[in-house]
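Try each task before you read its solution.

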Amino acid sequence: MDKEILKEAAALARDREHGAAQLYNKALSIFIKVLNQYHTLTTQEMLPLVEILLNAQPAMAPLINLCNRILLLMENMDRSKLINQLKEEATENSPCIKESASHLIPFLEKSERVVVFSYSSTALSTLNASGIRLPILTHIGHPIGDGLKSARLLKDMGFHVTITSDLSLPGMLSTKDLILTGCDAIVQPDMVNRAGTLPLALTAKHLGLPVIVVTEQTKILHPSLKDFLRLKDAPPEELLKPPHSYKVKHRYFEKIPLKLIHKVITQEGAFSPNEMVKGAKIEDVSPILLSMQSHLTG
């Protein structure tokens, strides 16, 4: 396989600018490029690319689900049909933001402020499409500035935005707030999202405030693929630059119990987390992918 394609896939591991939905689309375009370029590529020959993508962002379910689906389709579908199906998906406006926004509006109408956590292109686009311009409270998102990125985009959308520090955010919640975030994975009994979601969700639960997650079906992971989902350490120098004499532990993601989440919103409706998981159209699992699990996660 072309080394440039493998480098393009490996670059996803260094991507700190985009959320899971955007990285999914990038990975999808890489698979389309490979299938177009190598017409006789076998499933086994695809595995080096699959392994790179599985390791690139192992806390993001969409990439795991995409690799699984590609392997299943390569085994069961004519190559030209497979390429056409992937191209159609790449050109679709998914997720359907207007539909998701219609399900978010009833919660916004009961609130006086939206607390936006981290950065999610899906959550921000859905909030924007609602047409409701409540005041926004968000955070910096140290050390990669993902909260600040949300703040800038929301300001450009016409929202009045207040920014605070990451540590201050839970303590600044008020009685009419709605907490809005995306997520990177959902698999019972947890979801995975940006570190800092857990203390915010715990505080919201204590105050009786709704935590609303706006996401896509691709974030739901088949239970048998759960071990592919890993919370890896991030570069320690982002928190504390050397030289120093400390052991530094730094992660971008953490697990949040689904029982702390009020509703999960997709284009199809607003669901409790249990309804979301039970109603998910979870695909079959590729035996080839399963055979890679102990190698990649052991």
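**Exercise 1. Find the handedness of the crossing of α2 and α5, then describe how the two helices pack.**

Step 1. Helices α2 and α5 cross in the left-handed sense. A crossing is left-handed if the near helix is turned anticlockwise from the far one by less than a right angle, and right-handed if clockwise. Helices (H or I, at least four residues) and strands (E, at least two) are DSSP runs, numbered from the N terminus.

A word on the model before going on: it is predicted, local features need pLDDT of at least 70, side-chain atom pairs count only at pLDDT 80 or more, and totals for chains, interfaces and linings use all residues. Residues are numbered from 1 along each chain as its sequence is written, and side-chain values use heavy atoms, with hydrogens and water left out.

Step 2. The axes of α2 and α5 (residues 79-91) come within 10 Å and cross at roughly 150°. Axes are lines fitted to C-alpha atoms, for helices over the stretch in contact, and angles run from 0 to 180 degrees between N-to-C directions.

Step 3. The pair α2 and α5 is therefore roughly antiparallel. Angles under 35 degrees count as roughly parallel, over 145 as roughly antiparallel, 65 to 115 as roughly perpendicular and the rest as oblique.

Step 4. From α2, the residues Tyr24, Leu28, Ile32, Leu35 and Asn36 meet Arg79, Leu82, Ile83, Leu86, Lys87, Glu89 and Ala90 of α5; contact means heavy atoms within 4.5 Å. By class, this contact of α2 with α5 has eight nonpolar, one polar and three charged residues. Ala, Val, Leu, Ile, Met, Phe, Trp, Tyr, Cys and Pro count as nonpolar, Asp, Glu, Lys and Arg as charged, and the others, Gly among them, as polar.

**Exercise 2. Describe the packing of α2 with α4.**

Step 1. Helix α2 (residues 20-37) packs with helix α4 (residues 61-76) at an angle of about 25°, and their axes are 9 Å apart. That angle makes α2 roughly parallel to α4.

Step 2. The crossing of α2 and α4 is right-handed.

Step 3. On the α2 side, Ala20, Leu23, Tyr24, Ala27, Leu28 and Phe31 make the contact; on the α4 side, Pro62, Leu63, Leu66, Cys67, Arg69 and Ile70 do. The contact of α2 with α4 divides into eleven nonpolar residues, no polar and one charged.

**Exercise 3. Give the strand order of the open sheet of seven strands and find its edges.**

Step 1. The order is β3-β2-β1-β4-β7-β9-β10, with mixed pairing; two strands pair if DSSP finds at least two bridges between them.

Step 2. β3 (161-164) and β10 (269-271) stand at the edges with a single partner strand each, so one side of each is left without a neighbour in the sheet.

Step 3. β1 (residues 113-116) and β2 (residues 136-139) run parallel and are joined by two bridges. Leu137 in β2 is the bridge partner of Val115.

**Exercise 4. Locate the cis peptide bonds from His142 to Pro143 and between Pro242 and Pro243.**

Step 1. The bond from His142 to Pro143 is cis, with omega near 5°, and Pro143 sits in the loop between β2 and α8 (146-156).

Step 2. The bond joining Pro242 and Pro243 is cis, with omega about 5°; Pro243 lies in the loop between β7 and β8.
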